Amino acid sequence: MSAAVRILAIETSCDETGVAIITDGRRIEANVVASQVALHAASGGIVPEVAARQQLRWIGPAISEAHRLAGTDWRDIDAIAVTHGPGLIGSLLVGVGVAKALAVSRDLPLIGVNHIEGHIYANWLTDDDPSSEPLEPPFPLLCLVVSGGHTQLILMAGHGRYRLLGQTVDDAAGEAFDKVGRLLGLPYPGGPAISAVASDARPVTRFPRARTAGRFDFSFSGLKTAVMREVEGYRARGEPIPVDGLAAAFEEAVVGALTARTVTAAEEFGVAAVALGGGVAANRTLRATMAERLNGIPLLVPRPAWCTDNAAMIGAAAAGHFRAGERADRSLRAVPSLALPWTTG
Ligand code: KG4
Ligand code: ZN
């Protein structure tokens, strides 16, 4: 058997500073995530300049901490991987700049990774059983990537072969959670906060489901407006706002929309499995509803900690590119709107 490939991966696309060390494309030796959630909670959302400055502050310590946890030094690393988009330009530039500098100074191959691809490959991460053979994803695989910045339904015919079936026409699912969380007076980020208060509550209303021109597209901005109208109605009547019940009704509507499109696509394309990824995939109601409605089609979901942004998933996605001989060089650029190389068939 060939020696294990060990990748040091860097993720700085938004407000988490992630550094991970991964072997065999899926086994985590270290996964450091320095989160700025507490900082952004004070401002009620992400301030890009603040996020970039924090990335710069934490990237060095996070790299040292990853080596310490894995018991490695630079001689043990075979390649450096970095998210080069999509994301916030100031944040991306920190990771890309540091990765390029390290690749040159340590004479290591460099691999640029698309953040969305990372969210998909989070499904094959493991931190136990070092002897386990790398699992192959089952193809065709339907992926639902739902995060603060993205909502995409992707059909994967094989490694590196992505077909975009649909996406949000306005807000991302996580963005909707965050905005509605703020409307309901819940702490940032809204996703986990809404999920927590909704878990024991009964929906107080049924929000209408948005229609979209594309059968597999999503729309969440109308839902946000509907929640706002409800809140204003309670206020105008001088009644207490049923935060938990509204949160439950909102969550039900988002989960309903995500699940309906995904199940239809899974059946229509006869997929071998469905994989979730991105911060919203940590949502318990989404995970449970999807499993139930898929009616026997296998469902893959990363652990909640691997759904939200981390570098381990970037290392997992990079491993395939490394094996395929793909290498980036000093011309690698941070691209805020980087798309996957979409196929049409
Ligand atoms: O993937 P991620 O960490 O960052 C992006 O790439 O955007 O996703 C963050 C998003 C936030 O909008 C957050 O509110 C949402 O994921 N989120 C959740 C949950 N945990 C995080 N949304 C719903 N339920 C959750 N449990
Ligand atoms: Zn993400």
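Which are the buried residues of helix 9, residues 284-293? Let's start there, and keep in mind that what we're looking at is a predicted model.

So, the answer: Leu286, Arg287, Thr289 and Met290. Note that an arginine, Arg287, is on that list of buried residues.

What do they pack against? Quite a list, actually. There are three strands, namely strand 6 (141-146), strand 9 (273-277) and strand 10 (299-300). Then on the helical side, the buried residues of helix 9 also pack against helix 8 (243-268) and helix 10 (304-307).

Now the ends of helix 9. At the N-terminal end you've got Asn283 as the cap, with a side-chain oxygen 3.0 Å from the backbone nitrogen of Thr285. After the helix comes Asn295, and if you check its backbone, phi is positive, near 50 degrees.

Okay, over to the pocket. The largest one has a volume of about 960 Å³. If you want to find it on screen, go to Ser147, Gly148, Gly149, Asp178 and Tyr188, which of the 35 lining residues lie nearest the centre.

Helix 5 gives the most, with six.

Notes: Residues numbered from 1 in each chain as written. Chains lettered and ligands numbered in written order. Predicted model: local features only at pLDDT ≥ 70, side-chain atom pairs only at ≥ 80, totals over all residues. Heavy atoms only, no water. 1 Å grid on protein atoms, 1.4 Å probe; cavity = no way out; pocket = protein on both sides within 12 Å on 5 of 7 lines; lining within 4 Å. Points joined across faces, edges and corners; volume = space filled by probe spheres on them. Helix = DSSP H or I, 4+ residues; strand = E, 2+ residues; numbered from the N terminus. Buried < 20%, exposed > 50% of the residue type's maximum accessible area, 1.4 Å probe, protein only. Contact = heavy atoms within 4.5 Å. Polar contact = N/O pair within 3.5 Å; in protein donor to acceptor, adjacent residues only side chain to side chain.
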